[in-house]
Amino acid sequence: MVRSIWRWLDDRTSHRAAFNSLLDSPLPGGAHWARTFGALVVILFAVEALTGVGLALWYAPTTTDAWASVHFIQYQLTLGWMLRGLHHATGNVLIVVAILHLLQALLWGAWKAPRELSWIAGLVGLQVLILISHTGYLLPWDLRSYWATQVLVGIAGNQPGVGELAVRLIQGGAEVGNATLTHLYAMHVLLTPGLFAGAIAVHFWLKRKHGELAPPDMTAEVAAEKAQTWFPHQLVRDLAAGMVVMLGIALWVWRQGGIELGAPADPAIEYVARPEWYFLPIFHLRHWFTGSFEFIATTVIPGLAVTALASLPFLHQRLASRVKNVDRLLIGGTSVGMAFALYLGVATAVTDAANEKEQEINARAEEWAKVTHRLAMIGVPVTGPLSLYENDALLWGQKVFGRECAACHAPGDTQPYEGSVCLDGYASRTWIKKFMRKPDAPHFFGNTKIDAMDAFEGDGEKLDAITEFLYQQSGRPDADPTLAAEGAVLYDKEGCLECHALNGTAPADPEAWTGPDLKGWAGEAWLAAFIRQPGHDRFYGKLNEMDEFDAEQLTKIELQMVIAWLRSQSDEKAGF
Amino acid sequence: MATSDRRGFLKFLAGLFGSGIAAIATVPLLGAALTPLIRRKDDDANLIRAIPEKDLIVGVPRRVDLTAVVVDGWTRSVGVVGAAWLLKKADGSISALSSVCPHSGCSIGQKSKATYGCPCHASAFSFEGAPLEGPSPRDMDPLPVEVKDGAVFVKWMRFKIGVKDRRPA
């Protein structure tokens, strides 16, 4: 049945003859491991296509969603970390293999007439491969992607003449944004892989036309004698090499636990951005050619190198009649060029490894990456990963505090302290005790108009009890009720009550104001009322110097977050 | 070893290696692609605070949008997940009916002083949810409802539409 279907198909397509002619392609000199590089490029590209489809099912190329969707792939999909790790690592190995294939072709003389076009198609393929890889590098939209994109846009913009037009085209507008990511995505998954497939097709077509080469160290007679067919002799070597490489990659990804995802792209976070390894030589050259000469490093030198390689067949023909040992000359030249590129790349890596400041900056970014990974597990806010702090009340509170409050209420370790009351460890037992012992200390009321409060001079036991009473006012669950009850008695006896009423309201007569009412002090309701209206007679009245934070300046939810942060302050934080 | 044996062995090896490479690329691809089938979200919908109890008048139905945190793939937002018709009865008990029509899933509105109606195919329902006219195959779908601390809470659920027997979608 199956056989008859095949026959029916073959009558119409003649696929069997075409297929057999492929399988039986003659290999002069026989199967050879050095021939596996070309096949490896195809195998690894197929792996990239497959894993790429898997990623494309879940990836969203917008600035608000890109990082979030990659985080989702990495941490929420079954084997998503493996999928992304394989795609990333295989892409890099693919470039290495393509370069090895180029070197092998160089040594085997695969560029000599009549194979010039095949050689050039291969060179084009390598350039396209680097484009595929680099556009992919930018897609996760983490710090690395973000800064790498800035660099790319900068380099494109510095090209003489066409620079600014190119930048607008790549960005899809005047700024890096949603259109930039969508453009890069289209380039990464449609345009560049299409071009690469085209380059491979031309390469392959010409290879079929001109036939395989024998190894360079073999005479024609020996090669003819040792000739084998491609199938199965070479195919089994190709697939064995593919299997070894893919196993190696998969094991590496497994041991690494996937490829890392940095903190989300954020123009406000410092990061030492480095390009992928294959761009490090150009990166280094940019230190030598700066300003308007930068295009020499980014375009002229790489351009010359590629042009030299592409014109090799023609140069060779010209020089062959005049120079003895022309092959050695050309191979020597290429080796020097490669060694120079290698030196430039390694030099960058070595300099970076020795720079402690850079390592520190990236270690901080790494810490932030961990925090954002944790926060994103319950989903990223629709406004994008820069709003991730909204997933954590304390982080959100800290952020709002930094924006609205820290200008006056700076951390207490600043010396000499010149701000308002220090809120590090606010309303913890340690903070209360320190405050009562020395209310006019610089980090308490020392720099304010308030100077009427006496320091508490009673013994430590009394201080403990009154502290516990005040601590209990804030509604903290770990307050000791017995000790607090003792404190309540002492609060009256030691004279606190004279100035600090416990009514929860302002005095009926504003002239009778003596100090803030401490009923529910530092509790949620007390703080909410206080922050909205600190100059109310229930609080600091005429001595108030703090701004009022109305709902316009501090939204209801932001107020709640600041209060949550203030109430999270503990003894350890009162370290001033 | 005879040439044909060797050839057969090489073919076997080629098949083995080829399958190995394909497996390494395909297993994670399938894992990711089939995640929606592997990990089905449990029905852990929470009660959603709908409206203060005092805002309901006995015998007067009220349509309330149900707002909850929505996790959509990788994003998280607060939004309307659905709507319910709430009705306080004479004995003070409160019922909630899904506003999704059991026939084709359109949004049910109030048709007259005593009936709900669906605009798509002109189904009409009593305030108890019983179909009075039109093509609806079953009663309107009741939603679990609770009163706590003076507020009405409703659990949002979706049901399979177009069938006679009610079952979660």
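**Figure 1. Sequence separation of contacts and overall dimensions of chain A in the predicted model.** Among the contacts of chain A with a separation of 6 or more, 68% link residues 24 or more positions apart; contact means heavy atoms within 4.5 Å. The secondary structure of chain A comprises 24 helices and 3 strands (DSSP runs numbered from the N terminus: H or I of at least four residues for helices, E of at least two for strands). The radius of gyration of chain A is 35 Å, well over the 25 Å that the globule rule gives for 576 residues, so chain A is more spread out than a compact globule. That radius is taken over C-alpha atoms, and the globule rule is 2.2 Å times the number of residues to the power 0.38. The C-alpha trace of chain A spans about 115 × 65 × 40 Å along its principal axes.

Residues are numbered from 1 along each chain as its sequence is written, while chains are lettered from A and ligands numbered from 1 in the order in which they are written. In this predicted model, local features need pLDDT of at least 70, side-chain atom pairs count only at pLDDT 80 or more, and totals for chains, interfaces and linings use all residues; side-chain values use heavy atoms, with hydrogens and water left out.

**Figure 2. Surface and charges of chain A.** Of the 576 residues of chain A, 44% count as buried (buried, under 20% relative accessible area; exposed, over 50%; partly exposed, in between; 1.4 Å probe, protein chains only). Chain A exposes about 29700 Å², of which carbon and sulfur atoms supply 62% (Shrake-Rupley method, 1.4 Å probe). Chain A carries 44 positive and 59 negative charges, and their mean positions lie 15 Å apart. Lys and Arg count as positive and Asp and Glu as negative, without His and the chain ends; the charges are placed at NZ of Lys, CZ of Arg, CG of Asp or CD of Glu.

Figure 3. His188(A) is buried, with a relative accessible area of 14%. Not counting residues up to four places away in sequence, His188(A) touches His87(A), Ile132(A), Thr135(A), Gly136(A), Leu139(A) and Pro193(A). With Thr135(A), the contact is also polar, side chain to side chain, at 3.3 Å (a pair of N or O atoms within 3.5 Å; within protein, one must be able to donate a hydrogen and the other to accept it, and residues adjacent in sequence count only if both atoms are side-chain atoms).

Figure 4. A polar atom of the Ser145(A) side chain lies 3.5 Å from the backbone oxygen of Leu138(A).

**Figure 5. Cis peptide bonds and positive phi values.** Most residues other than glycine have a negative phi, and most peptide bonds are trans. The bond joining Ala113(A) and Pro114(A) is cis, with omega about 10°; Pro114(A) belongs to the loop between helices H5 (80–108) and H6 (116–138). The bond from Phe231(A) to Pro232(A) is also cis, with omega near 0°, and Pro232(A) is found in helix H11 (residues 230–256). Ser14(A), in the loop between helices H1 (2–13) and H2 (15–23), has a phi near 55°. In chain B, Ala122(B) has a phi of about 60° and lies in the loop between strands S6 (115–117) and S7 (124–126).
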